[in-house]
Amino acid sequence: MAFSSALTLTDLNDYIAPSQACIKPVEVKKSDNPQGSSEIKVDDQGGYYEISKDGGEEKLEQASITLNDCLACSGCVTSAESVLITMQSQEELYKVLRANNDGSQPHKTIVVSISPQSRASLAAKYQLSMIQVHQRLVAFFKHHLGVHHVFDIAFARDLSLVEGAREFIERYQAYLEQGGDALEKQWQEQQQQQDTSAPRSHRRQGGRAQQQQQQLPMLASSCPGWVCYAEKTHGEVLPFISTTKSPQQMMGSLVKDYLATKTNTRPDQIYHVAVMPCYDKKLEASRPDFFQEEFNTRDVDCVLSTGEVDKMLTEQSVDFLQLPDVPVDDIFNKVGLDPVTQALTAYGTEGSSSGGALEYILACAAKQLFHMDSVSTANGRIVIKTGKNADFKEYFLHADDGRVLLRFASAYGFRNIQNIVRKVKSGKCSYHFVEVMACPGGCANGGGQLPPQQLDQVTSVAVKDWVQHVEAIYRTCSGVPPDANDAIQAVYNEWMQLRSPDHVAKLLRTQYHAVTQNLGNPLATKW
Amino acid sequence: MPQLELVATLEGHQDRVWQASWHPTKTVLATCSGDKTVRLWAPISQNDFSTWQCIDTLEGAHKRTVRSVAWSPHGNELATASFDATTGIWENDARDNSWECVATLEGHENEIKSVAWSSTGALLATCSRDKSVWIWEVETDNDFECLSVLQEHSQDVKMVAWHPTQETLASASYDDTIKIWKEDEDDWFCVDTLQGHTSTVWSIDFNAKGDELVSGSDDKTIRVWKMYEPNNTQGIATPYGQPVWKTVSTLSGVHDRCIYSVAWSKVHNHIASAGGDNVIRVLAKDSETLDDNAPSWNVVASVKNAHGVHDINAVAWFPTDKHGDWLASVGDDGVVRIWRLIAD
């Protein structure tokens, strides 16, 4: 930029130095050297040594940032997030498999957990059914690569749903006790006023946040893209986020605590891989909250995206369609015989490809709080309204006399998240629960899913319809509610016996940490 | 030759002034500054325009420089965009004639560079160094809902400007391009990317009809762009069935340094431009232009050192024919000047 004739040196800089926005606090260790000066030597391998006054050399530690440090804040020294994310890749899985084969490391039990959304994406590409995809993945991982178990995240998801519903009901009841019942009456009145087309009057009274100590709205927690964004930019909404673990991390606890204890295996002797629809799940897996210090191991060691698994098939020269239909594992799966066809089929959960938390919690709350057994859009007790765009929907639970008992919403995508956050921060959020997801279109449209494919001439799917196509395949797994899943109930009971009810209760929950700007960071100083 | 005559000098800001916005109907000018305030100016009498006073100062809402200010089309609200990453919406309380910040729009990650209201006042657009353009919808109750976050620019977005009649938005960026945005069913998307400038595009403005756009750039040129609809007679291809914009005039040599601001008068069709060479210039389309697809534009008036040795950050024409020949300019000297274009 040319200087103007006044030569005013002001903030001319448009260049964003990567370290400016870095939120990772840098420890500046005070040097022992009282004089304060030091000499640095670089050897021919590129190693740095500090030469102290008496001539002794000390090798300097290489500054590094690992995926554990990464909160996707986009202010990183290694600004290519992809560099960090490749630390969790299929290469790591191949390494562990090789180590098992050549005995160079102690043997590890390798477990792969597959998410229903990843299955749907593969099913769309290869034009198979959900169960066929799962069986072929079992064949690929177990028989071809040497993995020991292949599990279905849908199994662990039931645990996440039940715990989420339990948390919501606790919070709703606490909310009522802390003055929420008066607020609810107010909403009812306003609802009636609106219904009789009265003009919208003054601003809604009473910041909800002050009154009920942040019990409601409860915001969904299973999307790490959303959670990391909230931690980094909107720390004030963290108390509203559900503390229930996501299905991925529930499976992590099931594998590394329940299964480890049951099979008398140390958690660090298990290598747990999860196949997920996005890359943010890798960040979730490497959170310090999901790290077992005692055994120096993570609940989920490695997350592979659907795309990475598809790449593995190519790398291993495996024709996915030619793989046989093999039996699935007998535990941690949600499959059964379809009563009509008597064929093996995979079961899912009611709701969108983002996991169905909203639908399940709504149904549970209707039953437990209002004693309504059967609620659906068919019997008019649930009314769904689409908002300004397709990724924002409102769900209302109506009593038979027409009163609105519960107000839920689903908000997918950045712009809808902005609106929800703004409403929550200003106390104007009228919803009791919001299913917040970072990706428009839900998890079927995750960043790690397979891109729209050129299928054959008969069944071509337009690019813009691809996500809906994947979602439709996802929904072919008929919903079996967690309450009807005896297997998960049995596992849960056994887990409480193997460990203790308190221990298990703690493992089902997690916590969040707001990222604070460390203004003392010397790297952040602008010169 | 026409001339630019100085009408009044408005002093009061404590730091550089970044932008000026005329009230849509009244003779009131809003200016925003590095001193974190917005000042409203009006002439002390309707007979003598040579002396103006600061009738109001809007302060206390922003923690950093206020970079952009814009009146709503009905003149009852002011939007202020700040380097503190928030946009303030202000209303005048008629009872005691005081200005109150009634809403604060958050969401941008860092400095907001520009704010603009759509022609009906139903939408608001902001853009920022975080490379995004946000579109907000004005709801009742001073609630603003985020309609879309557009992240297709690859660099800092310097300015946003709405089409004079349609809900079409243009944005100018450090990535050397201008993008045109429209709404489609569910979301907003980029309809066209105008390439041609070889450096940052600092400023853009539509003409009165909205079929032409002027842009001023760091590459020291001004470009006039024309919109070509699908099935146009000139045979310009329009893929995707959307209008495309093409440069019809490139004016180089008019300024010696970067151009920070361009303004296209909706009254008399002249273009004003100013920037780092401290000169304000007024350009008029050559009336003998034979081909509308290759018009000539000529400098008809200029003022050297309009703000002394300081950069001129913005110029703004009076929006109606009440004072259509007035041009406001603001600069790094902290001073606001009002000029009149006198024909001869």
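In the predicted model, Gly448(A) touches Pro277(A), Cys278(A), Tyr279(A), Ser305(A), Thr306(A) and Gly307(A), with residues up to four places away in sequence not counted; contact means heavy atoms within 4.5 Å. Gly448(A) lies in the loop between strand 16 (433-437) and helix 13 (466-474) of chain A. Helices (H or I, at least four residues) and strands (E, at least two) are DSSP runs, numbered from the N terminus. The relative accessible area of Gly448(A) is 3%, and the residue is buried. Buried means under 20% relative accessible area, exposed over 50%, and partly exposed in between, with a 1.4 Å probe and protein chains only. Between Gly448(A) and Val404(A) there are 38 Å in space, C-alpha to C-alpha, for a separation of 44 residues in sequence.

Residues are numbered from 1 along each chain as its sequence is written, and chains are lettered from A and ligands numbered from 1 in the order in which they are written. Because the model is predicted, local features need pLDDT of at least 70 and side-chain atom pairs count only at pLDDT 80 or more, while totals for chains, interfaces and linings use all residues; side-chain values use heavy atoms, with hydrogens and water left out.

Chain A contains 15 helices and 16 strands. Of its 527 residues, 49% are buried. Among contacts in chain A between residues at least 6 apart in sequence, 71% join residues at least 24 apart.

Helix 4 (residues 130-145) of chain A is mostly covered, with 12 of its 16 residues buried. The buried residues of this helix are Met130(A), Ile131(A), Val133(A), His134(A), Gln135(A), Arg136(A), Leu137(A), Val138(A), Ala139(A), Phe140(A), Phe141(A) and Leu145(A). At 1.5 Å a residue, the 16 residues of helix 4 of chain A should span 22 Å, and the end C-alpha atoms are 21 Å apart, which agrees. The expected span of a helix is 1.5 Å times one less than its number of residues. After helix 4 of chain A comes Gly146(A), whose phi is positive, near 100°.

The axes of helix 3 (residues 116-126) of chain A and helix 4 of chain A come within 9 Å and cross at roughly 100°. Axes are lines fitted to C-alpha atoms, for helices over the stretch in contact, and angles run from 0 to 180 degrees between N-to-C directions. Helix 3 of chain A is therefore roughly perpendicular to helix 4 of chain A; angles under 35 degrees count as roughly parallel, over 145 as roughly antiparallel, 65 to 115 as roughly perpendicular and the rest as oblique. Pro116(A), Arg119(A), Ala120(A), Leu122(A) and Ala123(A) of helix 3 of chain A make this contact with Met130(A), Val133(A), His134(A) and Leu137(A) of helix 4 of chain A. By class, the contact of helix 3 with helix 4 of chain A has 7 nonpolar, 1 polar and 1 charged residues. Ala, Val, Leu, Ile, Met, Phe, Trp, Tyr, Cys and Pro count as nonpolar, Asp, Glu, Lys and Arg as charged, and the others, Gly among them, as polar.

The axes of helix 4 of chain A and helix 10 (residues 306-315) of chain A come within 12 Å and cross at roughly 50°. These two helices of chain A, helix 4 and helix 10, are therefore oblique to each other. In this pair, Leu137(A), Phe140(A), Phe141(A) and Leu145(A) of helix 4 meet Val309(A), Met312(A) and Leu313(A) of helix 10. The contact of helix 4 of chain A with helix 10 of chain A has 7 nonpolar, no polar and no charged residues.

In helix 12 (residues 414-425) of chain A, the end C-alpha atoms are 16 Å apart, in agreement with the 16 Å that 12 residues should span at 1.5 Å a residue. Of these 12 residues, 10 are buried, so helix 12 of chain A is largely enclosed by the rest of the structure. Helix 12 of chain A is followed by Gly427(A), with a positive phi near 75°.

Backbone features in loops were also examined. The peptide bond from Leu216(A) to Pro217(A) is cis, with omega near 5°, and Pro217(A) sits in the loop between helix 6 (208-211) and strand 6 (218-219) of chain A. In chain B, Asn142(B) is not a glycine but has a positive phi of about 55°. Asn142(B) is in the loop between strand 12 (133-138) and strand 13 (144-150) of chain B and is buried, at 17% relative accessible area. Asn305(B), also a residue other than glycine, has a positive phi near 45°. Asn305(B) belongs to the loop between strand 25 (297-303) and strand 26 (312-317) of chain B and counts as partly exposed, at 46% relative accessibility.
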